[in-house]
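Me: I have a model open and want to go through it with you. Can we start with the overall picture and then get to the side chains?

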Amino acid sequence: FSPFPTMWFTERPDRSVASILEGRIALLTDGTPMALTVPSTFACFMQSPEDYYQRWPVTVGIRVFRYLGLFMTLLLPSIYVALTTYHQEMIPTSLAVAVAVQRERVPYPAVVEALAMQVVFEILMEAGIRLPRVMGQAISIVGALVIGQAAVTVGLISPAMVIVIAATAVASFTIPTFNMINAVRILRLPLIILAATAGLFGIFFGVLAILIHLTTLRSFGIPYLAGFAPLSLKDQQDIVFRAPWWAMQTRSKLYSTNRQRQGFDQKPIPPTDERSKNETEQQTKQPQR
């Protein structure tokens, strides 16, 4: 009954091999091109195979922005509804006046506006996925520009809400796995309703309920928040922070009893002048073939 995925499926051999190297299991089924990887935790769905083809400082920065995008796509519409409905004192005066002027022509409250925009966005997203690529791009452009501009001009939607939904949509695409995007899309709607019901207290209640659910969730016996809860300092080498390849020497103790992932002393050492001289002498001594 959980909206969060507990199995990773991929068509990439490098992703499956990397999962096996980490101590997980890859399942291949006849008749399907997908390989299932179990157990899969929350951190797995926030990682991309391209993270391991970048240098580790770049990967750390990308993952930080990815988690920020997750929080934005989950909470940004509900926070806007809560602030404009209950907590106007938390908005700067000039910004509050600008938002009030924009919403003066809108005939319904912010929660109806947010839910309507979310429904329209989800329909456009599904239409763009199901249609061929060329037609899908055309539908997205028509929906985003023509329909959005017409709705703002008529007064059905305020420009601030269009900005919030657009930022939410862009932030959702920072999540690398489509299964996790779907879970966040589903949870965004109840959070908007909670924000309209109790303001920021409703958002806190919803986030707390999600965290309680995640801490009780298991993927084939492994805690879904492994690495975060229970917190393991040794597992932080590949959660949000990604250590260099040569530093990831052990596996997580939750996945395998064999902790050794690769050999030690794998750090590349630049050749010194003496070492280069010896290698050159050895190459010259070898007989020509």
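Me: Where does the model come from, and what is its mean pLDDT?

Reply: The model is predicted. The mean pLDDT of the chain is 83, and 89% of its residues reach 70 or more.

Me: Where is confidence lowest, and where is it highest?

Reply: The lowest is helix 9, with a mean of 61. The highest is helix 8, residues 200–216, at 94.

Me: How many helices and strands are in the chain?

Reply: There are nine helices and five strands. Along the sequence, the pattern reads β-α-β-β-α-α-α-α-α-α-α-β-β-α.

Me: And how many of the residues count as buried?

Reply: Of the 289 residues, 39% count as buried. As for contacts with a separation of 6 or more, 68% of them are between residues 24 or more positions apart.

Me: Helix 1 next. Which of its residues are buried?

Reply: In helix 1, residues 13–21, the buried ones are Arg 15, Ser 16 and Ser 19. Seen down the helix axis, they fall within an arc of 100 degrees, so they line one face of the helix.

Me: What do the buried residues of helix 1 pack against?

Reply: They pack against strand 1 (8–10), strand 2 (25–28) and strand 3. On the face turned away from the buried side, helix 1 carries the exposed residues Pro 13 and Val 17.

Me: What follows helix 1?

Reply: Gly 23 follows helix 1, and its phi is positive, near 105 degrees.

Me: Back to Arg 15. Which ring does it lie over?

Reply: Arg 15 lies over the face of Trp 8, at 4.0 Å from the ring centre. Both of these residues are also touched by Gln 47.

Me: Where is Gln 47, then?

Reply: Gln 47 is in the loop between strand 3 and helix 2.

Me: Does Gln 47 count as buried or exposed, and why?

Reply: Gln 47 counts as buried, because its relative accessibility is 3% and the cut-off for buried is under 20%.

Me: What else does Gln 47 touch?

Reply: Leaving out residues up to four places away in sequence, its contacts also include Tyr 52, Arg 63, Arg 66, Pro 176, Asp 238 and Ile 239. With Tyr 52 there is a side-chain polar contact of 3.2 Å.

Me: Now aromatics. How many pairs are there?

Reply: A search of the whole structure finds five aromatic pairs. One of them is Phe 42 with Tyr 224: the ring centres are 6.3 Å apart and the planes are at 65 degrees, so the pair is edge-to-face.

Me: Which parts of the chain does that pair tie together?

Reply: Phe 42 lies in the loop between strand 3 (35–38) and helix 2 (56–85), and Tyr 224 in the loop between strand 5 (222–223) and helix 9 (273–285), so the pair ties together parts that are 182 residues apart in sequence. Both Phe 42 and Tyr 224 are buried.

Me: What about Tyr 67 and Phe 228?

Reply: Their ring centres are 6.4 Å apart and their planes are at 70 degrees, so this pair is edge-to-face. Tyr 67 lies in helix 2 and Phe 228 in the loop between strand 5 and helix 9, so the pair ties together parts 161 residues apart in sequence.

Me: Is Phe 228 buried or partly exposed?

Reply: Phe 228 counts as partly exposed, at 31% relative accessibility. Tyr 67 is buried, with a relative accessible area of 11%.

Me: Which residues form an aromatic cluster?

Reply: Phe 4, Phe 42 and Tyr 224 form one aromatic cluster.

How values were computed: Residues numbered from 1 in each chain as written. Predicted model: local features only at pLDDT ≥ 70, side-chain atom pairs only at ≥ 80, totals over all residues. Heavy atoms only, no water. Phe/Tyr/Trp six-rings, centres within 6.5 Å; stacked < 30°, edge-to-face > 60°. Helix = DSSP H or I, 4+ residues; strand = E, 2+ residues; numbered from the N terminus. Buried < 20%, exposed > 50% of the residue type's maximum accessible area, 1.4 Å probe, protein only. Lys NZ or Arg CZ within 6 Å of the ring centre and 35° of its normal. Arc of directions from axis to C-beta. Contact = heavy atoms within 4.5 Å. pLDDT = per-residue confidence, 0-100. Polar contact = N/O pair within 3.5 Å; in protein donor to acceptor, adjacent residues only side chain to side chain.
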